[in-house]
Amino acid sequence: MTGSGRCHYHPQRAGIGICVECRHVICTECTTQFEGINRCAQCLAKRLKAATTLKGRNDFSAANLMLAVLCAAVLWGVLELAVRAANR
Ligand SMILES: [Zn+2]
Ligand SMILES: [Zn+2]
């Protein structure tokens, strides 16, 4: 990549690439290679945050599933006790 203007975040530094997300010219320090693609630090942070949020949602649904299974087990136990009491 050849220099094309100045870094969007550091006007005193020469830009070496362009962020694929915000199309800003970025310098060496601002360039982050993620999945082989140039991104500025800000866009990478946004992407990492989105990934973390997605992971959080997955954990949440897994916890909900566990809770549902636990509730079903408790209900089953109560039903079985009721049936036993009725048969006695
Ligand atoms: Zn960017
Ligand atoms: Zn910079």
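Trainee: Which elements have the lowest and the highest mean pLDDT?
Mentor: This is a predicted model, and pLDDT is the predictor's confidence in each residue, from 0 to 100. Strand β3 (residues 31-34) has the lowest mean among the elements, 83. Strand β2 (residues 25-26) has the highest, 94. For the chain as a whole, the mean is 87. Of its residues, 95% reach 70 or more.

Trainee: What is the order of the elements from the N terminus on?
Mentor: Read them as β-β-β-β-α. That gives 4 strands and 1 helix. The radius of gyration is 27 Å, well over the 12 Å that the globule rule gives for 88 residues, so the chain is more spread out than a compact globule. Along the principal axes, the C-alpha atoms fill a box of roughly 85 × 20 × 15 Å.

Trainee: How do I read the helix? What is its reach from first C-alpha to last?
Mentor: Start with the general idea. An α-helix has 3.6 residues a turn, so residues three or four places apart point the same way. Now the case here. Helix α1 covers residues 41-87, 47 residues in all. Its reach is 69 Å, close to the 69 Å expected at 1.5 Å a residue.

Trainee: How many of the residues of α1 are buried?
Mentor: The count is 1 among 47, so α1 is hardly covered, given that a buried residue needs 20 or more other C-beta atoms within 10 Å of its own. Across the chain, buried residues make up 12% of the 88.

Trainee: Which residues make up the largest nonpolar core?
Mentor: There are 8: C7, C19, V25, I26, C27, C30, C40 and C43. Take C7 as one of them. Leaving out residues up to four places away in sequence, C7 touches R13, G15, V25, I26, C27 and C30.

Trainee: And R6? Where does R6 lie?
Mentor: R6 sits in the segment before β1 (17-18). It has 15 C-beta neighbours inside 10 Å, so R6 counts as partly exposed. Beyond its neighbours within four places in sequence, R6 contacts P11, R13, A14, G15 and V25.

Trainee: How far apart are R6 and S61 in space?
Mentor: They are 45 Å apart, C-alpha to C-alpha. In sequence, R6 and S61 are 55 residues apart.

Trainee: What share of the contacts with a separation of 6 or more joins residues 24 or more positions apart?
Mentor: Such pairs account for 2% of those contacts in the chain.

Conventions. Residues numbered from 1 in each chain as written. Chains lettered and ligands numbered in written order. Predicted model: local features only at pLDDT ≥ 70, side-chain atom pairs only at ≥ 80, totals over all residues. Helix = DSSP H or I, 4+ residues; strand = E, 2+ residues; numbered from the N terminus. Expected span 1.5 Å × (residues − 1). Core = buried A, V, L, I, M, F, W, Y, C linked by C-beta atoms within 7 Å. Contact = placed C-beta atoms within 7 Å. Rg over C-alpha atoms; globule rule 2.2 N^0.38 Å.
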